[in-house]
Amino acid sequence: MKTINTRFFCVFMLMAILLGCKSFESQKKDDQPRRIEILFLGHANEHHNSRAYMPILASSLTQSGINITYTEDVEDLNAENLRRYDGVILYANYESRLPEQERALLKYVAEGHAFIPIHCASFCFNES
């Protein structure tokens, strides 16, 4: 009887240690810093050329742990896509947007995400 209890105890302790190690390893990975993800909304217009400016900005920021995804598609301002990012850079001259895009961006910012309008962004969505 003592041998069965000893074996049970040893198996129980081994399982507890293994599960504890796995839990610790998962926790360790979660505690590691991650890169910041930024969506950069630019435009095809050469006046205030966001296509030229984005690589200059990205080359500096990527060294600091920040990834930038460039787009010229206003439709990327939607709740599903914005969930992928920690912030949005706006360096564009779009005069219009759909109400869903405006709501998605306003909600995104209200939730505490970064919104970084640059220069010509003051004109963007000017009717909003």
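1. Let me start with Thr71: this residue is buried, its relative accessible area coming out at 9%. That counts as buried because the cut-off is under 20%. Bear in mind that we're looking at a predicted model here.

2. Where does Thr71 sit? Its place is in strand E2, which covers 66–71 and is one of the edge strands. So an edge strand holds a residue with just 9% relative accessible area.

3. The surroundings of Thr71 are worth a look. Leaving aside residues up to four places away in sequence, Thr71 touches Leu39, Phe40, Leu41, Gly42 and Asp76. Its side chain also reaches the backbone nitrogen of Asp73, at 3.1 Å.

4. Now the sheet itself. It's an open one, built from four strands in the order E2-E1-E3-E4, with parallel pairing. Strand E2 and strand E4 (114–117) are at the edges, each pairing on one side only. On average, neighbouring strands are turned by 20 degrees against each other, direction ignored.

5. For the E1 and E3 pair, strand E1 takes in residues 36–41 and strand E3 residues 87–90, and the two run in the parallel sense over four bridges. Which residue in E3 is the bridge partner of Ile38? Gly87 is.

6. Last, the helix. H2 (residues 50–61) packs on the sheet and touches E1, E2 and E3. The direction of H2 makes about 165 degrees with that of E2, the strand where Thr71 has its place.

Key. Residues numbered from 1 in each chain as written. Predicted model: local features only at pLDDT ≥ 70, side-chain atom pairs only at ≥ 80, totals over all residues. Heavy atoms only, no water. Pairing = 2+ DSSP bridges. Axes fitted to C-alpha atoms, helices over the stretch in contact; angles between N-to-C directions. Contact = heavy atoms within 4.5 Å. Buried < 20%, exposed > 50% of the residue type's maximum accessible area, 1.4 Å probe, protein only. Polar contact = N/O pair within 3.5 Å; in protein donor to acceptor, adjacent residues only side chain to side chain.
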